[in-house]
Amino acid sequence: MQTATTHLDREHCVRAVQSKDARFDGWFFTAVLTTRIYCRPSCPVVPPKPENMTFYPSAAACQQAGLRACKRCRPDTSPGSPEWNQRADLVARAMRLIADGVVDREGVPGLAARLGYSTRQVERQLLAELGAGPLALARAQRAQTARLLIETSALPMADIAFAAGFSSIRTFNDTVREVFALTPSELRARAPKSGTGTPGVLGLRLPFRAPLNPSNLFGHLAATAVPGVEEWRDGAYRRTLRLPYGHGIVSLAPRPGHIACRLTLSDLRDLTVAISRCRRMLDLDADPVAVDDHLRTDPFLAPLVDKAPGRRVPRTVDEAEFAVRAVLGQQVSTSAARTHAARLVRAHGKPLDDPEGGLTHLFPSPEALAAVDPETLAMPRTRRTTFTTLVRELADGTLSLGVESDWAEARARLLALPGFGPWTVDVIAMRALGDPDAFLATDLGIRRAAQELGLPSTPAALTGRAEAWRPWRAYAVQYLWATDSHPINFLPV
């Protein structure tokens with residue numbers, strides 16, 4: 001095995017490949033030394049002999065080693081590694097930023113600046129853990145974006161090259177041939193005709209690790225949807241997206257084995273970041289088997305997990321937006337919080353056109369909300385102060401909740417703001433920061449569920465009891481919430 005990948009347990013990797021275990025897709029990649037191709041663990045072909053296998057922690061490392069992607073299992077379309085959404089160290093934060101397209105927009109110096117480290121430190125740590133530096137990781141992502149556009153759109157190849165982030169058509173052609181052993185035209189000819197048929201709309205499949213229970217995931221998003229920004233229509237959750245180069249509208253619907261995704265973008269360069277944010281919102285890179293197996297060790301949670309396994313944590317596509325909505329939802333009902341948010345959207349959101357439905361605006365940016373006259377806000381004075389302080393700090397960059405955030409530092413900054421107590425900080429940590437161990441011990445629904453199950457119901461005692469659920473307490477929250485009949489727990493009809 002390569003020096004950069006010695007942390008991979010060879011024996012476990014070989015067993016996963018021989019059993020074609022799809023749970024490990026995205027965790028690592030198998031390089032076949034005799035054919036010089038790389039595969040996902042669940043590749044349907046006959047597994048190679050163990051002595052002909054070696055393993056890499058990333059597709060980028062495989063490509064740097066001169067391997068090409070398998071045409072049968074398409075390893076570049078594997079779900080992402082769960083590691084990057086369950087950790088808050090430098091490598092995990094860097095991987096989230098690379099998935100968000102930062103290297104393509106700002107280069108490696110921009111990535112390092114956002115992380116607060118030198119370029120050399122970032123490159124060294126990524127190379128040590130993933131076998132590839134930030135440029136190689138971003139290149140692998142560009143190749144996957146190019147493949148998506150080639151296979152799901154009728155765009156000219158020149159437009160695809162620049163939309164995927166390549167600096168030239170020649171680089172685009174060379175990369176596609178090197179990674180997939182096919183020219184762009186050959187890739188398009190082999191692709192199934194699965195587009196939407198609607199000009200300007202991209203139809204994609206977002207993979208995930210099974211099982212996935214869509215009830216609480218889409219139920220939560222639909223029940224808390226802000227009119228004008230989000231809606232449930234024709235069996236799909238739809239919402240507007242603010243993106244680096246423009247805006248978009250996405251439609252997401254649960255299907256057997258994948259999430260059907262329809263994207264309309266004002267600028268195709270936003271495709272990579274739009275997909276990344278949708279995957280993050282739906283928690284599609286989670287490892288539900290590992291989470292559920294751990295929670296089942298608690299006899300009080302085991303029946304809830306067995307009844308409906310695979311619950312995900314509903315997150316967000318816009319961390320600043322969610323923080324604002326969390327403040328609007330303090331001590332009010334879900335309906336009242338939606339009403340407050342809808343007023344802000346109508347008054348201060350950027351209008352857009354949605355030919356397919358009832359979406360009308362982007363959620364107001366922190367800069368727009370920071371300019372609002374506080375006296376026009378229909379909320380108690382103390383919450384008004386909380387709101388204005390939050391949006392001011394988000395607007396001037398004092399507070400950052402993006403994918404690059406250090407979770408502990410962000411929590412401390414939030415707690416220092418007026419009107420921010422444990423519930424508000426924890427719900428932002430869970431759904432905006434993406435901390436899988438965030439726990440809402442003071443939430444009324446959680447305390448009621450705990451009491452019904454025979455668990456301690458006071459915040460202090462429940463927090464102590466929940467120590468056994470680490471590091472997956474945010475998922476335990478989803479199972480506890482599911483004991484209630486609130487609309488957030490049911491897939492809309």
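Modeller: Let's start with an open sheet of 4 strands, ordered S3-S1-S2-S4, with mixed pairing. Strand S3 (53–56) and strand S4 (68–69) are at its edges with a single partner strand each, so one side of each has no neighbour in the sheet. Strands here are DSSP runs of E with at least two residues, helices are runs of H or I with at least four, and both are numbered from the N terminus. Two strands count as paired if DSSP finds at least two bridges between them.

Before going on, this is a predicted model: local features need pLDDT of at least 70, side-chain atom pairs count only at pLDDT 80 or more, and totals for chains, interfaces and linings use all residues. Residues are numbered from 1 along each chain as its sequence is written, and side-chain values use heavy atoms, with hydrogens and water left out.

Back in that sheet, strand S1 (residues 29–32) joins S3 through 4 bridges in the antiparallel sense. If you want a spot to look at, find Thr30, which sits opposite Phe55 in S3. As background, strands of a sheet pair through backbone hydrogen bonds, either parallel or antiparallel.

Now for another set of strands. Strand S8 (residues 247–255) and S9 run antiparallel, joined by 8 bridges. S8 and S9 make a hairpin with 2 residues between them, and Gly257 in the turn has a positive phi of about 85 degrees. Pro254 faces Ile259 in S9. Strand S9 (residues 258–265) also pairs with S5, again in the antiparallel sense, over 7 bridges. There, Leu206 stands opposite Ile259, and Leu202 has Leu263 as its bridge partner in S9.

How many of the 7 residues of strand S5 (residues 201–207) are buried? The count is 5, so S5 is largely enclosed by the rest of the structure. Buried means under 20% relative accessible area and exposed means over 50%, with partly exposed in between (1.4 Å probe, protein chains only).

On to the helices. In helix H7 (residues 134–152), 18 of the 19 residues are buried, so the rest of the structure largely encloses it. Its length checks out too: at 1.5 Å a residue, H7 should span 27 Å, and its end C-alpha atoms are 27 Å apart, which agrees. That expected span is 1.5 Å times one less than the number of residues.

Helix H4 (residues 90–99) is mostly covered as well, with 9 of its 10 residues buried. Among the buried ones are Leu90, Val91, Met95 and Arg96. The buried residues of H4 pack against helix H3 (83–86), helix H5 (102–115), helix H6 (119–130), H7, helix H12 (271–281) and H19. Just after H4 comes Gly101, with a positive phi of about 85 degrees.

Helix H19 (residues 407–415) is where you'll find Trp407. At 9% relative accessibility, Trp407 counts as buried. Leaving out residues up to four places away in sequence, Trp407 touches several others, including Arg96, Asn85 and Asp435; contact means heavy atoms within 4.5 Å. Trp407 and Asp435 are 28 residues apart in sequence, but 7.3 Å apart in space from C-alpha to C-alpha.

For contrast, have a look at helix H9 (residues 169–180), which holds Ile169. Ile169 counts as partly exposed, at 36% relative accessibility. Beyond its neighbours within four places in sequence, Ile169 is in contact with Ala158, Ala161 and Phe162. Ile169 and Ser78 lie 91 residues apart in sequence, with 26 Å between their C-alpha atoms. The C-alpha atoms of Asn173 and Met157 are separated by 9.1 Å, with the two residues 16 apart along the chain.
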